[in-house]
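Reader: I would like to learn how to read aromatic rings in a protein. Please take me through an example.

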Amino acid sequence: MVITTVDLLKNEIPIEEESVIITEDVKAGLVLVDIINGFCTVGAGNLAPREPNRQMSEMMDESARLARVFCDKKWPVLAFLDSHHPDKLEHPYPSHCITGTDESNLVPALRWVEKEPNVTIRRKDCYDGYIGSFQEDGSNVFVDWVKNNKIQLLLVVGVCTDICVLDFICSTLSAKNRGFLNPLEEVVVYSQGCATFDFPASMTRNTKDISPHPQELMHHVGLYMAKGRGARIAREVSFNNLNKP
């Protein structure tokens, strides 16, 4: 039996995942983090997959499934879309998701949510959706969304598990602990609804800025860090009492 590096890591820093059931009596909100062409659609940009990828495909399928449930129930959904100005790039990453290009738009499987009345779209120009939600007047789109919808449970999916998803989780939990996000009580990260990119060492040998980024390993690390900040990690998400009047 061959033991891989990822197996060793999972043995050393295991993650306790759980089944999460969302019921009608809890005010739930769904956050979609950067499920856009520039990160998820094969060949769509510098940081998009080079070839079909199981983890990315599963993330898009599960995110679309959850979005459909939330929209059918008219529950609040917030979608962050990474959108950068050409003269404000994110070091050390190459140019990506430039405002006005299709890279910064939702993937085809989720484009329909833009027309849903319960969906809020927020374009951001930084890793962290919480920070990227600040407006010039000091208000915060995400904070207002949580408070106006009286959200108690936040369900988070998207990319990248260890970068934009994790940064958003860390800021959100810190804000919650400071009392800035009342009545928010719980933050849930759905592992199958998240994904990260795959840059094996062989792809980075001739690049100066990009470090190796093995997908399975960094996905696990992102989930582990999120749990360490206080998030619940869900291996599956289901719904109860959805058919009651």
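Reader: Is Trp75 buried or exposed?

Author: This is a predicted model. Buried means under 20% relative accessible area. Trp75 has 11% relative accessibility, so Trp75 counts as buried.

Reader: How many aromatic pairs does the structure hold?

Author: Rings pair if their centres lie within 6.5 Å. The structure holds eight such pairs. One of them joins Phe70 and Trp75. Their ring centres are 5.2 Å apart. Their planes meet at 80°. Planes over 60 degrees apart count as edge-to-face, so this pair is edge-to-face.

Reader: What is the relative accessible area of Phe70?

Author: The value for Phe70 is 0%, so Phe70 is buried.

Reader: Which aromatic pair do Phe70 and Phe239 form?

Author: An edge-to-face one. The centres lie 6.0 Å apart, with 80° between the planes. Phe239 is buried too, at 18% relative accessible area.

Reader: Where in the fold do Phe70 and Phe239 lie?

Author: Phe70 is in helix H3, residues 54–72. Phe239 is in strand S7, residues 232–240. The pair therefore ties together parts that are 169 residues apart in sequence.

Reader: Which residues form one aromatic cluster?

Author: Phe80, Tyr130, Phe134, Phe142, Trp145 and Phe168 do.

Reader: Where does the charged end of Arg68 sit?

Author: Over the ring of Trp112. The distance to the ring centre is 3.7 Å.

How values were computed
Residues are numbered from 1 along each chain as its sequence is written. This is a predicted model: local features need pLDDT of at least 70, side-chain atom pairs count only at pLDDT 80 or more; totals for chains, interfaces and linings use all residues. Side-chain values use heavy atoms; hydrogens and water are left out. Rings of Phe, Tyr and Trp (its six-membered ring) pair if their centres lie within 6.5 Å; planes under 30 degrees apart count as stacked, over 60 as edge-to-face and the rest as tilted. Buried means under 20% relative accessible area, exposed over 50%, partly exposed in between (1.4 Å probe, protein chains only). Helices (H or I, at least four residues) and strands (E, at least two) are DSSP runs, numbered from the N terminus. A charge sits over a ring if NZ of Lys or CZ of Arg is within 6 Å of the ring centre and within 35 degrees of the ring normal.
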